[in-house]
Amino acid sequence: MVSNRTRKEETRQNILLAASRGFRASGFAGIGVDAIARAANATSGAFYAHFGSKDGAFRAALELGLDEVIENIPVFQRDYGAGWIAAFIDYYMGRAHRDDLACGCAMTSLSPELARADDDTRNLYDRKMNRIAGLIAQGLPHLPEDTRLEKAWAFLGILIGGLTMARAMINEESITAVSTAISTAAAALMEPAL
């Protein structure tokens, strides 16, 4: 019985990872259940058994992606100390992250999909994004306490919007200009007022 449970969980995890990559790369409407199941080496029946619907898989993929951000912000803060903001900006607006839609940040890839999502999915997004903003605010001890959360939200908006614009462009010069401007603006936002 243990091996069946292990196989079942492995199938679920494979489907979840395939759904996460598929939704990030192609959007909700850009990938279907059959394509997700094929990418996971599973059947459509297994997909429905684990997630119930495409909406259920999207919600699980969104949670997985936002949890990645929740796990990684403290890693940046720990590993880079006072320089974590610059390191995070460099990563977030960097070429590798920009070019990797399937494995890139769920905040940028999936946020536009939420306007059409059901209330349960939007509530999940709201809770997770508040957690992310809170983690960023905790990493801003150099700023007045009453401004940290506001700065965190603005920081997220600048980076998510900037990465969205950079990913939408095709001209390398424009991509570089946007990425540089967004990186500069995000860094300046986090500087203490003089």
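**View 1. The whole chain at a glance.** Ten helices and zero strands make up the secondary structure of this chain, where helices (H or I, at least four residues) and strands (E, at least two) are DSSP runs, numbered from the N terminus. What you're looking at is a predicted model: local features need pLDDT of at least 70, side-chain atom pairs count only at pLDDT 80 or more, and totals for chains, interfaces and linings use all residues. Residues are numbered from 1 along each chain as its sequence is written, and side-chain values use heavy atoms, with hydrogens and water left out. Follow the chain along its sequence and the pattern reads α-α-α-α-α-α-α-α-α-α. Its C-alpha atoms fill a box of roughly 60 × 40 × 30 Å, taken along the principal axes. Of the 194 residues, 44% are buried; here buried means under 20% relative accessible area, exposed over 50%, and partly exposed in between (1.4 Å probe, protein chains only). Among contacts (heavy atoms within 4.5 Å) with a separation of 6 or more, 68% join residues 24 or more positions apart.

View 2. The unreviewed entry puts "domain: HTH tetR-type" on residues 9-69. That span is 80% helix and 0% strand, and its end C-alpha atoms lie 23 Å apart. The same record, also as an unreviewed entry, marks residues 32-51 as "DNA-binding region". Here the end C-alpha atoms are 13 Å apart, with 75% helix and 0% strand. A word on such labels: UniProt positions are given in the numbering used here, feature names are shortened, and annotations may be inferred rather than shown by experiment.

**View 3. Phe28, in a loop between two helices.** Look for Phe28 in the loop between helix H1 (2-26) and helix H2 (33-39). Phe28 has a relative accessible area of 23%, so it counts as partly exposed. Leaving out residues up to four places away in sequence, Phe28 touches Phe23, Lys54, Asp55, Phe58 and Glu113. Take Glu113: Phe28 and Glu113 sit 85 residues apart in sequence, yet their C-alpha atoms are 6.8 Å apart in space.

**View 4. Lys128, a buried lysine.** Lys128 belongs to helix H8. Its relative accessibility is 16%, so Lys128 counts as buried. Setting aside residues up to four places away in sequence, Lys128 touches Glu63, Leu66, Asp67 and Ile70.

**View 5. Where H8 meets H9.** The axes of helix H8 (residues 119-138) and helix H9 (residues 148-168) come within 8 Å and cross at roughly 115°. Axes are lines fitted to C-alpha atoms, for helices over the stretch in contact, and angles run from 0 to 180 degrees between N-to-C directions. So H8 is roughly perpendicular to H9; angles under 35 degrees count as roughly parallel, over 145 as roughly antiparallel, 65 to 115 as roughly perpendicular and the rest as oblique. The contact involves residues including Met129 and Ile132 of H8, and Trp153 and Leu156 of H9. Its residues split into eleven nonpolar, two polar and one charged. (Ala, Val, Leu, Ile, Met, Phe, Trp, Tyr, Cys and Pro count as nonpolar, Asp, Glu, Lys and Arg as charged, and the others, Gly among them, as polar.)

**View 6. H9 alongside H10.** The axes of H9 and helix H10 (residues 172-189) come within 9 Å and cross at roughly 175°. That makes H9 roughly antiparallel to H10. Among the residues in contact are Lys151, Phe155 and Met165 of H9, plus Ile175, Val178 and Leu189 of H10. By class, this contact of H9 with H10 has twelve nonpolar, two polar and one charged residues.
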